[in-house]
Amino acid sequence: MTYTDTIKSLNNNQSIDLEDTTSVSSSVSSSETDSLLLEKEIELVEPHVGYKKVLVTGGAGFIGSHVAEYLLNRGDDVVIVDEMNDYYDVKIKEGNLKLLEEMVEGQEGRLSIYKGDICDEAFMLDAFEKEKPEWVCHMAARAGVRPSIQDPYIYIHSNIKGTTHLMELSHKFGVKNFVFASSSSVYGGSSSTYFSEEENVDNPVSPYAASKKACELLAYTYHHLYNLNVTGLRFFTVYGPRGRPDMAPFKFIDRVSRGLELQQFGDGSSSRDYTFISDIVDGVVRSIDRPYPYQIFNLGKGNGTSLKDFIDLVQKHVGKKANIKMMPDQPGDVPYTCADVRKASYLLGYKAKVSFEEGISKTASWYRHAFEKDLIEICPERQANGLGRAPSAPSLVSLVDVRQSPQ
Ligand SMILES: NC(=O)c1ccc[n+]([C@@H]2O[C@H](COP(=O)([O-])OP(=O)(O)OC[C@H]3O[C@@H](n4cnc5c(N)ncnc54)[C@H](O)[C@@H]3O)[C@@H](O)[C@H]2O)c1
């Protein structure tokens, strides 16, 4: 069955549940998008089933560790490469690795961990020679929009050089499928409401966004030159248990829990797409299992949540009132943005299942549990190398900016 056949059957078959995606089509011209997709005649790739050994880069981080957990649970073996940098508290990353190690305790060969830089040639060659992974899930990167403006070079290093190095090794070692994390931040310069993969994203507005766009371009080149199967995934703000402390969902829950001030920019009506971690893991694993020759997919929830509703839900599930400081609208802030996930739905069978309320409730209860057990610590305001990052200490309250920015 081709992509075209699937779209036709989806259009004709009312019984197929496209709840989330129909909410998208009410605002996007569905006939316009579908006719663009129809032209492509993409052959649907059947999922590979059975055992895999998967190299998960960034496997100590938020998304990578959740993907690794899922893969180990279903019986795959996992090889992790992570440099354990201090962009946020390294104890969180060590905790993630410990959790994975405990899962497979006593089961030799299920999990190998390599601590080092993906750009280090000798180190990575050694890892590929020893492990010979046939499937790569490349999540390692310097993340964060604003820190990339302060130190663009580290983003060029980890994101562009790192991804190129991994694709070089992947084609030399005959990797069957290379899946990597791109980002919704590539849409940064766009004034659209629903972001579609068809959109031109040639105007990234931060070094981070530019680095992700560069990875998408290089990925095409590796596909073109060496027939490497490559899929790039544009994640829309991912949150959940073990989430990154520099991102709004964690920061909101943390600050409301501790009674610290939140700055609300504008009237709270601006809206963004937030995706719960289990939905992202589902999309990543669906992509790993389906070696498309070259594809880019949005992975989001497919509908937005306003800043006001976001804060209300955090208050409800933390059980405390937020200390909100109203701030004027920021010039250039777009009122409503969210992912058009129809392509991922058609080609991967992806459909986000977790509502924002359920996701925030789960995240808030994880946060309470993690603090009770002293598993996490609020990150210091500066990294060891002196670069700034998302502040969270009471002394820096005035610097806190909890606007919703795409990641
Ligand atoms: N979390 C989100 O909302 C979001 C949104 C869009 C895109 N992404 C992308 O998803 C991926 C995973 O993000 P995350 O939220 O889990 O971030 P994370 O920071 O928790 O994980 C990234 C991991 O990569 C490692 N790493 C960075 N540079 C490395 C290098 N040179 N060598 C080896 N390891 C290195 C870090 O130590 C970290 O553990 C990233 O590529 C990120 O850009 C995330």
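Here is a friendly tour of the model, from the overall fold to a few single residues.

This is a predicted model, in which local features need pLDDT of at least 70 and side-chain atom pairs count only at pLDDT 80 or more, while totals for chains, interfaces and linings use all residues. Residues are numbered from 1 along each chain as its sequence is written. The protein contains 14 helices and 15 strands; these are DSSP runs numbered from the N terminus, with helices being H or I of at least four residues and strands being E of at least two.

**Overall picture**

- Of the protein's 407 residues, 46% count as buried. Here, buried requires 20 or more other C-beta atoms within 10 Å of a residue's own, exposed means 12 or fewer, and partly exposed lies in between, with C-beta atoms placed from the backbone.
- Taking contacts between residues at least 6 apart in sequence, 82% join residues at least 24 apart. Two residues are in contact if their C-beta atoms, placed from the backbone, lie within 7 Å.

**Around the ligand**

- The ligand is surrounded by 30 residues, and the closest are G58, G61, F62, A141 and A181. A residue is near a molecule or strand if its C-beta atom, placed from the backbone, lies within 6 Å of it.
- At least two shell residues come from each of α4 (62-73), β2 (77-82), α8 and β5 (177-183). The largest share, three residues, is supplied by α4.
- Sorted by class, the shell holds 15 nonpolar, nine polar and six charged residues. Ala, Val, Leu, Ile, Met, Phe, Trp, Tyr, Cys and Pro count as nonpolar, Asp, Glu, Lys and Arg as charged, and the others, Gly among them, as polar.

**Helix α8 with helix α9**

- Helix α8 (residues 152-172) packs on helix α9 (residues 207-226) at an angle of about 15°, and their axes are 10 Å apart. Axes are lines fitted to C-alpha atoms, for helices over the stretch in contact, and angles run from 0 to 180 degrees between N-to-C directions.
- The two helices, α8 and α9, are therefore roughly parallel to each other. Angles under 35 degrees count as roughly parallel, over 145 as roughly antiparallel, 65 to 115 as roughly perpendicular and the rest as oblique.
- The crossing of α8 past α9 is right-handed. A crossing is right-handed if the near helix is turned clockwise from the far one by less than a right angle, and left-handed if anticlockwise.
- On the α8 side, the contact residues include Y155, I156 and N159, and on the α9 side they include Y208, S211 and L218. This contact of α8 with α9 is made up of 13 nonpolar, five polar and one charged residues.

**Two further helix pairs**

- α4 and α5 (90-103) pack at an angle of about 5°, with axes 10 Å apart. That makes α4 roughly parallel to α5.
- S65, A68, E69 and L72 of α4 meet N96, L100 and M103 of α5. Their classes are four nonpolar, two polar and one charged.
- Helix α10 (residues 248-257) and helix α14 (residues 356-372) pack at about 55°, also with axes 10 Å apart. That angle makes α10 oblique to α14.
- From α10, P249, I253, D254 and S257 meet I360, T363, A364 and Y367 of α14. By class, five of these residues are nonpolar, two polar and one charged.

**Single residues to look at**

- I277 sits in helix α11 (residues 277-289) and counts as buried because it has 22 C-beta neighbours inside 10 Å.
- Leaving out residues up to four places away in sequence, I277 touches H66, V238, Y239, G240 and P241. The C-alpha atoms of I277 and I63 are 7.1 Å apart, although 214 residues separate them along the chain.
- Most residues other than glycine have a negative phi. M84, which is not a glycine, has a positive phi of about 55°, and N227, also not a glycine, has one of about 60°.
- M84 belongs to the loop between β2 and α5 and is partly exposed, with 13 other C-beta atoms within 10 Å.
- N227 is in the loop between α9 and β7 (230-235) and is exposed, with 11 other C-beta atoms within 10 Å.
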